[in-house]
Protein chains: 2
Amino acid sequence: MHAALLQEIRKHVNLTPEEEELITTSFRYKKVRRNQVVVQPPDIVIYDHFVVSGCLVQYYIDDNGIQHTLLFAPEGWWTTDLPGFLTGQEARYHIEALEDSDLLIISKQVLDKLLVKIPLLNNFFRILYQNAIMAQEERLLNVLSTKVEERYLRFIKKYPQLQNRVPQYLIASYLGVTPEFFSKVKARMHK
Amino acid sequence: MHAALLQEIRKHVNLTPEEEELITTSFRYKKVRRNQVVVQPPDIVIYDHFVVSGCLVQYYIDDNGIQHTLLFAPEGWWTTDLPGFLTGQEARYHIEALEDSDLLIISKQVLDKLLVKIPLLNNFFRILYQNAIMAQEERLLNVLSTKVEERYLRFIKKYPQLQNRVPQYLIASYLGVTPEFFSKVKARMHK
């Protein structure tokens, strides 16, 4: 189960067997079922989640009750309510399982200790966060400036494995349009 | 000039005098004038920029020629075209000085060496990037779900020093509305 995580980390930093053992014992295994709630406001956010298999979704519900999908996290992705995880404040984001999923979870407290014991892990998370920033810039620009057809093509490119695994209304929410409008766009694209 | 940078870094990590000296010699001073172009597509992106004084703006021009303001970088902020800086690909974002500005700049090559020589700096950048991710999530949610009035109030809270320093059409672009609509909103709010 931890092999997938170590493989991810090894892409960016070289660790000793002792360090890898320490990581393995620090991340705990958690199995969640389809539709299971992982984080829900106003929970206190305890864990960051690495997805070994399955898929989580992170979304926000605004004051008008509209659901905005921020992120899909299939195999190899991380997800948490980052402000809550880092600062201890109440969650603002919902995180749920879209499929039965195998997760590796770590608390802030354990992660902080791990970062002290294995300073190289800072390097790994620096790179992970760099990639997240670039993906978010892209996402923001998509919302601000790109037509829905193009946004959908980029979604498929970013998440090639998810097109038929995720409910269509969630893809619509991720693209920032209504499910009805998204259906029309897809019909137009298939012509 | 480097005191402002060291002060930022000291907020998060403790360095030896030798390490601080190494940082000082690795970041080079650059003065730019108001309206000076710092990065322009299709430049190759060489530097990350720490703003000591003044203010830079980072924006994107979409296929229809519309300008989307991604970020203001006043004193204490960092800005670069991150994908270009990290991967060596051509810039997609414009970065310009809104005021005469004092910058400290560092190339990817020098930064990579510095991160090897001072591993604790990975810790600093990990925290810097964490904060950037949270700010971007906030920004994305603002665009997706918040009324312009509320977005403007959040802009003022995030950048209290910029309200009267930055051209109003750029603030409108940052908020994702036309300058005309932004004027109407402000007039309504002042009543």
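**Strands and sheet**

Me: Which residue in S8(B) stands opposite B:Tyr29?

Reply: That's B:Leu104 in S8(B). Bear in mind that this is a predicted model, where local features need pLDDT of at least 70 and side-chain atom pairs count only at pLDDT 80 or more, while totals for chains, interfaces and linings use all residues. As for the labels, residues are numbered from 1 along each chain as its sequence is written, with chains lettered from A and ligands numbered from 1 in the order in which they are written.

Me: What makes S1(B) and S8(B) a pair?

Reply: Two strands pair if DSSP finds at least two bridges between them. Five bridges join S1(B) to S8(B), residues 101–107, and the two run antiparallel, so they pass that test. Strands here are DSSP E runs of at least two residues, helices are H or I runs of at least four, and both are numbered from the N terminus.

Me: How do you know which strands of chain B are the edge strands?

Reply: The open sheet has four strands in the order S1-S8-S3-S6 (chain B), with antiparallel pairing. S1 and strand S6 (78–79) of chain B each pair on one side only, which puts them at the edge.

Me: What makes the peptide bond from A:Pro41 to A:Pro42 stand out?

Reply: That bond is cis, with omega near 0 degrees. A:Pro42 sits in the loop between strand S2 (37–39) and strand S3 (47–53) of chain A. The bond from B:Pro41 to B:Pro42 is cis too, with omega near 0 degrees, and B:Pro42 is in the loop between S2 and S3 of chain B.

Me: Which residues of H7 in chain A are buried?

Reply: In H7 (residues 168–175) they are A:Ile171, A:Ala172, A:Ser173, A:Tyr174 and A:Leu175. These buried residues pack against strand S5 (67–74), helix H6 (148–158) and helix H8 (179–190) of chain A. After H7(A) comes A:Gly176, with a positive phi near 85 degrees.

Me: Which residues have the most contacts inside the largest nonpolar core?

Reply: A:Leu56 and B:Leu56, in a core of 84 residues. Such a core is a set of buried Ala, Val, Leu, Ile, Met, Phe, Trp, Tyr and Cys residues joined through C-beta atoms within 7 Å. Leaving aside neighbours within four places in sequence, A:Leu56 is in contact (C-beta atoms, placed from the backbone, within 7 Å) with residues including A:Val38, A:Val51, A:Ile95 and A:Leu98.

Me: Why is chain A called as compact as a globular protein of that length?

Reply: Chain A has eight helices and eight strands. Its radius of gyration, taken over C-alpha atoms, is set against the globule rule of 2.2 Å times the number of residues to the power 0.38. The chain comes out at 18 Å, close to the 16 Å that the rule gives for 191 residues, so the label holds. Of those 191 residues, 34% count as buried.

**Two chains together**

Me: How do you know what kind of axis relates chain B to chain A?

Reply: Chain B can be laid on chain A with an RMSD of 0.0 Å by a turn of 180 degrees and a shift of 0.0 Å along the axis. That is the relation of a two-fold axis. In chain B, the C-alpha nearest the axis belongs to B:Arg126, 2.1 Å away from it.

Me: Which element gives the most to the side of chain B that touches chain A?

Reply: 27 residues of chain B are in contact with 27 residues of chain A. H5(B) gives the most to that side of chain B, with 17 residues.

Note on methods: Buried ≥ 20, exposed ≤ 12 C-beta atoms within 10 Å, placed from the backbone. Contact = placed C-beta atoms within 7 Å. Least-squares fit on C-alpha atoms with pLDDT ≥ 70 in both.
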